[in-house]
Structures are given as C-alpha cells and as structure tokens.
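Morning, everyone. Please look at the chain on the screen while I talk.

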Amino acid sequence: MLEGAKSIGAGAATIASAGAAIGIGNVLSSSIHSMARNPSLAKQLFGYAILGFALTEAIASFAPMMAFLISFVFQVP
C-alpha cells in the first residue's frame with residue numbers, strides 16, 4: 001500500500017516539469033510581444049527574459065529532486 005502511494009507521489013512531483021514548460025513558453029511569448037512593441041528596449045528585455053528562464057528552470061529542477069526524495073528516502077519500516 002505504501003509503495004503504491006510513493007509511486008503516485010513521485011509521479012505527481014514530476015508534473016512540475018509540465019508546469020515549467022508552460023512557464024518557459026509564457027516567458028518567451030511575453031518577450032517576443034514586448035520586443036515587437038518596443039524594439040529599442042530589446043537588450044534590457046532580453047536580460048529579464050533570461051532571468052525568467054533561469055527561475056522557471058530552477059522550479060523544474062526541484063521536481064526530480066522531490067521525486068527521488070519520495071522514492072528513495074522515505075523507506076517502509
């Protein structure tokens with residue numbers, strides 16, 4: 001019973017990867033729209049876009065970590 005719950009928890013933790021992909025798409029979309037509206041700020045907006053990508057990928061890196069914690073650290077007594 002507990003092994004099944006661990007598998008479900010680890011699978012649910014990896015759903016954050018899909019959320020990160022959606023977040024990266026939103027960052028890229030907003031960057032393209034803002035650069036099309038005001039090309040003179042393209043250099044500054046690119047820095048903000050890179051920061052957005054980095055923060056979104058940081059969230060994505062927590063998903064496998066949590067999945068491994070659920071799978072291997074929480075052992076059945």
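I'll go through the helices, then the record, then the surface.

One caution before we start: this is a predicted model.

Let's begin with two helices. Helix α1 covers residues 2–13, and its axis comes within 8 Å of the axis of α3. The two axes cross at roughly 175°. Angles over 145 degrees count as roughly antiparallel, so α1 is roughly antiparallel to α3. Which residues of α1 and α3 make the contact? On the α1 side they are K6, G9, A10 and A13. On the α3 side they are A63, M66, A67, I70 and S71.

Now helix α2, residues 16–37. Its axis and that of α3 come within 9 Å. The crossing angle is roughly 175°. That makes α2 roughly antiparallel to α3 as well. The α2 residues in this contact include A16, G23, V27 and M35. From α3 we have, among them, A42, F46, E57 and A63.

Next, the record. UniProt, in an unreviewed entry, lists residues 12–33 and 45–74 under "transmembrane region". What does the model show there? Residues 12–33 are 91% helix and 0% strand, with end C-alpha atoms 33 Å apart. Residues 45–74 are 97% helix and 0% strand, and their end C-alpha atoms are 43 Å apart.

The unreviewed entry also has a domain annotation, "V-ATPase proteolipid subunit C-like", over residues 8–70. That span is 90% helix and 0% strand. How far apart are its end C-alpha atoms? They lie 10 Å apart.

Last, the surface. A nonpolar patch is formed by I59, F62, M65, M66, F68, L69, F72, V73 and F74. Together they have about 920 Å² of accessible area. One of them, I59, sits in helix α3, which covers residues 42–73. M66 also takes part in the contact with α1.

How values were computed. Residues numbered from 1 in each chain as written. Predicted model: local features only at pLDDT ≥ 70, side-chain atom pairs only at ≥ 80, totals over all residues. Heavy atoms only, no water. UniProt positions renumbered as here; feature names shortened; annotations may be inferred. Helix = DSSP H or I, 4+ residues; strand = E, 2+ residues; numbered from the N terminus. Patch = residues over 30% accessible without salt bridge, like charges linked within 9 Å, V, L, I, M, F, W, Y side chains within 5 Å. Areas by Shrake-Rupley, 256 points an atom, 1.4 Å probe, with all protein chains shown as cover. Salt bridge = Lys/Arg side-chain N within 4 Å of Asp/Glu carboxyl O. Axes fitted to C-alpha atoms, helices over the stretch in contact; angles between N-to-C directions. Parallel < 35°, antiparallel > 145°, perpendicular 65-115°, else oblique. Contact = heavy atoms within 4.5 Å.
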